[in-house]
Amino acid sequence: MTFFGNILWVFFSFNQLVGPGSVAVISRRYGEKEFDAAEKAIKETVLLKIFFGTVLGIVGYLFAGRMLALVGAEGDALALGIGYGRVMFIGLPIMYATYSLFTAMRGVANPNLAMNLMIGSNVLNLVLDPIFVFGWFGVPAFGIVGAAYASVLSFTITFSVGIFFFQA
């Protein structure tokens, strides 16, 4: 995970390319009371992030082994890193989109909800990690790859809850 953490940090940096611009557009439209335009900007941002996440996720999935070898992983660390990394890359679109929801919530003057969702996501991940890693409660033990499953599931649930709040 240590080797892959550096690679994931680079991929998450791409996520930040859209975030600052989108929060400016969303908050400006919201402040102007153009709620339809703010909603459109939120939808477009989420779709754009899903698109970028999908493209970069495919690239990452295909080249996970080469990237890990480039940062010095070898042997078991390389094999485990590839398994963990590929699951994370599959989840990259939903992770990017989840961060867009956090950005949108701040843009529509609801930073507390964004913060609470972020905290909830991290707590959920902390709860799910040992379940998937060690195989508790009838779930198979996936080892280090289980941590990736827990992260992707946490982001997916957080994204779903965030969408629910925007629909309400």
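# A tour through the helices

Begin by selecting Gly 19, Ser 22, Val 23, Ile 26, Ser 27 and Tyr 30 in α2, which meet Thr 103, Ala 104 and Gly 107 in α5; contact here means heavy atoms within 4.5 Å. By class, this contact of α2 with α5 holds 4 nonpolar, 5 polar and no charged residues, where Ala, Val, Leu, Ile, Met, Phe, Trp, Tyr, Cys and Pro count as nonpolar, Asp, Glu, Lys and Arg as charged, and the others, Gly among them, as polar.

The model on screen is predicted, so local features need pLDDT of at least 70 and side-chain atom pairs count only at pLDDT 80 or more, while totals for chains, interfaces and linings use all residues. Residues are numbered from 1 along each chain as its sequence is written, and side-chain values use heavy atoms, with hydrogens and water left out.

Now show α2 (residues 19–31) together with α5 as whole helices: their axes come within 8 Å and cross at roughly 35°, and α2 passes α5 in a right-handed crossing. Helices are DSSP runs (H or I, at least four residues), numbered from the N terminus. Axes are lines fitted to C-alpha atoms, for helices over the stretch in contact, with angles running from 0 to 180 degrees between N-to-C directions; a crossing is right-handed if the near helix is turned clockwise from the far one by less than a right angle.

Staying in α5, select Ser 100, which counts as buried at 2% relative accessibility; buried means under 20% relative accessible area, exposed over 50%, and partly exposed in between (1.4 Å probe, protein chains only). Leaving aside neighbours within four places in sequence, Ser 100 is in contact with Thr 45, Val 46 and Lys 49.

Two loops come next. In the loop between α2 and α3, select Lys 33, whose phi is near 65°, a positive value in a residue other than glycine, and which is exposed, with a relative accessible area of 60%. In the loop between α5 and α6, select Ala 109, where phi is again near 65° and positive, and which counts as exposed at 59% relative accessibility. Most residues other than glycine have a negative phi.

Move on to helix α6 (residues 111–134) and α7, which pack at an angle of about 150° with their axes 8 Å apart. That makes α6 roughly antiparallel to α7, a term for angles over 145 degrees, and the crossing is right-handed. The residues of this contact divide into 13 nonpolar, 7 polar and 1 charged.

Within α7, select Ser 154, which counts as buried at 1% relative accessibility and which, leaving aside neighbours within four places in sequence, is in contact with Ser 121, Leu 124, Asn 125 and Leu 128. Ile 157, also placed in α7 (residues 144–167), is partly exposed, with a relative accessible area of 36%.

Finish with the largest nonpolar core, which has 23 residues, those with the most contacts inside it being Phe 4, Ile 7, Phe 11, Met 88, Phe 89 and Leu 92. The elements giving two or more residues to this core are α1 (2–15), α3 (35–70), α4 (75–90), α5 (92–107) and α7. Such a core is a set of buried Ala, Val, Leu, Ile, Met, Phe, Trp, Tyr and Cys residues joined through side-chain atoms within 4.5 Å. A second, separate core of 9 residues includes Ala 41, Ile 42, Ala 104 and Phe 159.

Note on methods: Parallel < 35°, antiparallel > 145°, perpendicular 65-115°, else oblique.
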